[in-house]
Amino acid sequence: MTARRTQPRHCRDAALRVGLAEGGGWTGWTLTLAQVATLAEHDRLLQMHPETATRWRLKAKDRVGSVRLGAGDGTVQLTISPKVPVDRLLHLISYAPDRVAFDPRPVAADPRPDLLPALAHAFVSAADRALEHGVLHDYRETHDTLPVVRGRIRHADQLRRRPGVPVPLEVVYDDHTPDIPENRLLLAAARRLLRVPGIDPAPRAALQRLTARLDGVRVLPAGAPAPRWTPDRRNARYAHALALAELVLRGASYELGDGREIAVDGMLVTMWRLFEAYLARAVGEALRHRVGGRPEPQDRNFSLDTAGRHVLKPDLVHYLPSPRDGTLRQAVVLDAKFKTKPQRDDLYQMTAYCVRLGLTEGHLVYASGRSGVVEVPVGEGRLRIWRHVVDLSRPWRDLAADIDALAESVDAARGSGTP
């Protein structure tokens with residue numbers, strides 16, 4: 001959940017608060033007919049089973065977060081707690097912010113002093129990746145008064161302000177500057193986090209380095225709205241960091257520590273979708289840093305059939321230059337599975353991916369279980385399907401290291417048969 005952009009409001013109302021746990025069992029709740037009707041309209045979020053006319057058993061499905069449902073007497077605030085701690089969840093979201101659905105309807109929350117410190121780790125990581133190839137600049141039309149001509153003279157302003165005076169000159173020119181909305185947003189978020197108590201020394205030092213790198217960017221005045229930015233090819237590498245910067249600026253009211261309740265935006269995350277998007281983007285970035293090439297998360301360029309009706313949907317295809325002509329060709333295929341144990345359907349699916357893409361190895365990544373390999377005979381040869389595990393319960397720093405280790409294993413397995 002994230003704090004609303006507007007002034008925090010008290011949120012003591014008649015809404016029934018229903019708290020469930022991701023992957024948890026059935027729990028009993030006393031519900032009115034209106035509340036039953038509200039929850040029944042949102043059966044994508046939970047399962048319901050009646051015990052009596054007023055007593056119901058509820059069980060969460062595959063989403064986590066908190067959202068306000070219904071209206072009037074049927075209003076329900078549904079909260080589904082994730083299995084992973086907040087810093088782990090925010091680390092995943094930093095790679096896949098588009099997998100989060102925000103709802104502007106306010107829900108009640110207790111102040112969480114650990115939220116912004118946890119978010120600091122994710123923001124620093126995303127900002128470092130965004131600025132890896134330098135601070136983004138863009139051209140901005142600038143009006144200025146100068147002793148020499150730069151750009152073109154604003155004749156109307158010159159005659160109105162200094163009739164008959166040759167210098168200084170009223171000019172307008174295009175300035176190649178870092179003072180653009182994207183950088184202002186990053187700077188505002190970094191300065192906001194630096195004012196939060198409880199930030200660890202390492203991310204605090206990284207935030208200070210970030211503010212130094214953004215030299216020449218204007219500081220937002222107190223109370224000013226967050227700068228607006230439009231996603232495009234120019235700022236694509238900033239996208240994750242900017243999404244987290246907006247979360248930081250909207251999370252200011254989480255600093256409250258006097259026991260009041262605050263109004264925050266609702267948030268829902270489908271964990272298996274988030275896990276797939278995180279693995280594809282994180283491993284793709286790690287492979288790009290390690291071996292070069294181009295990662296394609298959720299690649300949809302291949303079909304199983306010649307007619308193109310059955311599109312294959314691997315979570316990641318990584319392309320590398322061909323030794324013969326340098327053309328980028330598919331070299332790695334990976335699919336993430338938010339499951340407790342492997343299933344045969346996963347092997348069938350990966351076998352289809354490998355055969356269609358012309359690869360001799362594929363990689364399945366699970367959220368729990370054990371690693372291993374399955375050898376599949378295909379014609380006169382064989383392909384290997386590697387099973388990896390990324391444990392989301394590990395601290396976020398260890399989780400980041402696990403991704404690098406996974407990329408190393410995937411690279412070592414290419415064509416060698418052993419990771």
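The legends below describe close-up views of a predicted model.

Local features are taken where pLDDT is at least 70 and side-chain atom pairs where pLDDT is 80 or more, while totals for chains, interfaces and linings use all residues. Residues are numbered from 1 along each chain as its sequence is written, and side-chain values use heavy atoms, without hydrogens and water.

**View 1. Helix 8 (residues 271-291) crosses helix 10 (residues 396-413).** Their axes come within 9 Å and cross at roughly 60 degrees (helices are DSSP runs of H or I with at least four residues, strands runs of E with at least two, numbered from the N terminus). Y278, L279, A282, V283, A286, L287, R290 and V291 of helix 8 meet L399, I403, D404, L406, A407, E408, V410 and D411 of helix 10, contact being heavy atoms within 4.5 Å.

**View 2. F275 and F338 form an aromatic pair.** A search of the whole structure finds one such pair (ring centres of Phe, Tyr or the six-membered ring of Trp within 6.5 Å; planes under 30 degrees apart are stacked, over 60 edge-to-face, the rest tilted). The pair is tilted, at 5.5 Å centre to centre and 50 degrees between the planes. F275 belongs to helix 8, and F338 to the loop between strand 15 (328-337) and helix 9 (344-357), 63 residues apart.

**View 3. R57 lies over the face of W26.** The distance from the ring centre is 5.3 Å (a charge sits over a ring if NZ of Lys or CZ of Arg is within 6 Å of the ring centre and within 35 degrees of the ring normal).

**View 4. R294 lies over the face of Y319.** Here the distance from the ring centre is 4.8 Å.

Key. Axes fitted to C-alpha atoms, helices over the stretch in contact; angles between N-to-C directions.
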